[in-house]
Amino acid sequence: MCGIVGYIGHSEAAPILLDSLSRLEYRGYDSAGIAVYAQETGLAVFKAKGRLKVLSDLVDGGKAVHGTVGVGHTRWATHGAPSDVNSHPHVSADGRFAVVHNGIIENYVEIREFLAEHGVQFVSQTDTEVVAHLLEYYYEDDMLQAVTKVLHRVNGAYAFGIVSTDHPDQLIAVRKDSPLVLGYGKDFNLLASDVTAVIKYTREVSYLEDGEIAVLSPDGVTVYDSLLRTVQKPRHTVDWEVSAAEKGGYEHFMAKEIMEQPKAFRDTVFPRITDGRVVLDNITLDRDDVRDMDKIYIIACGSSYHVGVVAKYLLEKLLRKPVEVALASEFRYSDPIVTPRTLALVISQSGETIDTLAAMREAKRLGARILAIVNVVGSTIAREADDVIYTWAGPEIAVATTKAYSTQLAVIDLIALYLADLLGTIDKAEYDAIVAELLLVPEKMEQILAARETIQYYASIYFNHASVFFIGRNVDYAAGLEGSLKLKEISYIHSEAYAAGELKHGTISLIEDGTLVIALASQAGVLFEKTMSNVVEVKSRGADVLGITSAALERGMCKTVDSVLTVPDTHPFLQPSLNVLPLQLFAYYVSLQRGCDIDKPRNLAKSVTVE
Ligand code: AGP
């Protein structure tokens, strides 16, 4: 949800701002803009509706803009339609301040009215514009004082980058509830919404905390707390390569990230298994804590929520404790039953999703112990949780998550085993069997990925369907939820996932001749038989059924469905880790066939930092 960048140093700022923005476009791509200051030319502001390329062409890749300090923005529109005028940066009426903003100013209407009474004429419909005018209103020569007064006045979530024509030797960064990273260079410094925007220039970073204000100059960075006392920020060295955030020969990030899943799964799981046992050294939950727990609440959004749905089946089966999966956006407002004996498992790739962050804070306030599963190191959720287990998926750029989902599932497998072992609710034979199979998952993923042409073939047959239904039971249903989301978000085909047995309670009325139903049935025994009965029900109403099953069940499925995709056998708990791959590939190839913008689907952004 919007990406912001800022540069101050001795080089031309514009090309650096544009390059950094290109790595943040996944956060929003409705419009982009930069503001750069040079003594000779003053504050130059360029903004353009559409992708970053439109802006970049407008300023000749930055060559047309001169100055060594500036800010930039890529927008996911909230207040005010995507347009040139609503694009950031927003500038105060006196032209002294330019502001870029990620987040939402919740009380902007009231501030707008106040400023209007003081003669301010607004040019945009955005919430952000009030910040530029407030800076002008409060400014009396001292940037820090003016910024502090503005912060006292605004409510909501924000990360701001601010330049001022009066203080071109200063670039200001502030945050509350929206991410902000500082990058330290030699003779220059940077601010950005995400590490990916700065690592081409520096690997030395620190993460701004809520309420902190950073003043960047070419030679240094001073960080203040909300009382304007200086704060010593710990610095971190980013240890992954720039290439990890590039396409590496693939047509799309999504294709690259799908193919990276065996490695990501290995990186996440293998270092945490020693002599056949799951070792989660860095978490502080001990046996007594786990015994005391009377409930697990899983809190997440989107695909991370779908991981939670799989997790509920696994954790309840292995731990025999009640597990509730909550959509983070609902959790906070549902008066949740949380006590100090609740373990809140918070799942988030970005670690910045505002709904998840807010729900986590609420769970914490109510006394829950927080265990977070996060991909982005140093993100807010990771920092605020009691314990964090990182998914070592590397940077995920495509808006549609793939490798982050897979590694979140992997961490759930590890946690389920770890907690069951602590509680003594799993016998040795089953524990050993799951661990052995867990170690084989990456190889089996590779087999599925190697056969991707078959999936591409089915995509070429089905890409024109107007509506698709995913059905399955138990963890197959959970994987279907994710398959359905993948398909709809990148191909714009309407799709729904249903627990197979639930379809007949209403939705089956939508099944007619030629409706595509993707049926997942990879669990042997009664679950397979019952799902196949539901398949027969939709077949009798004319559905075209593409089945997804495991090798051992292939023959049974072939008899009933029109086409089958078979994945290798594994332990039933781990089957979603394999089943999701054909679903991701199917969504990918269908969208490719439909000519969709796969990495940047319409209306979406990777990191959702607005409620
Ligand atoms: C799915 O492809 C999406 N990217 C989306 O549903 C995502 O999983 C959701 O917004 C949650 O994001 P998070 O994991 O970063 O919190």
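Reply: A polar side-chain atom of Ser304 lies 2.6 Å from an oxygen atom of the ligand. This is a predicted model, in which local features need pLDDT of at least 70 and side-chain atom pairs count only at pLDDT 80 or more, while totals for chains, interfaces and linings use all residues. Residues are numbered from 1 along each chain as its sequence is written, and side-chain values use heavy atoms, with hydrogens and water left out.

Ser348 also places a polar side-chain atom by the ligand, 2.7 Å from an oxygen atom. With Gln349 the backbone takes part: one of its polar atoms is 2.7 Å from an oxygen atom of the ligand. Each pair is a polar contact (N or O atoms within 3.5 Å). The protein covers 91% of the 410 Å² of accessible area that the ligand has on its own; such areas come from the Shrake-Rupley method with a 1.4 Å probe.

In total, 15 residues surround the ligand, where a residue counts as near if one of its heavy atoms lies within 4 Å. The closest are Ser304, Ser348, Ser350, Thr353 and Glu489.

Elsewhere in the chain numbering, Ile296 deserves attention. Leaving aside its neighbours within four places in sequence, Ile296 is in contact (heavy atoms within 4.5 Å) with Leu315, Leu319, Pro322, Val323, Glu324, Leu343 and Leu345.

Note on methods:
Polar contact = N/O pair within 3.5 Å; in protein donor to acceptor, adjacent residues only side chain to side chain.
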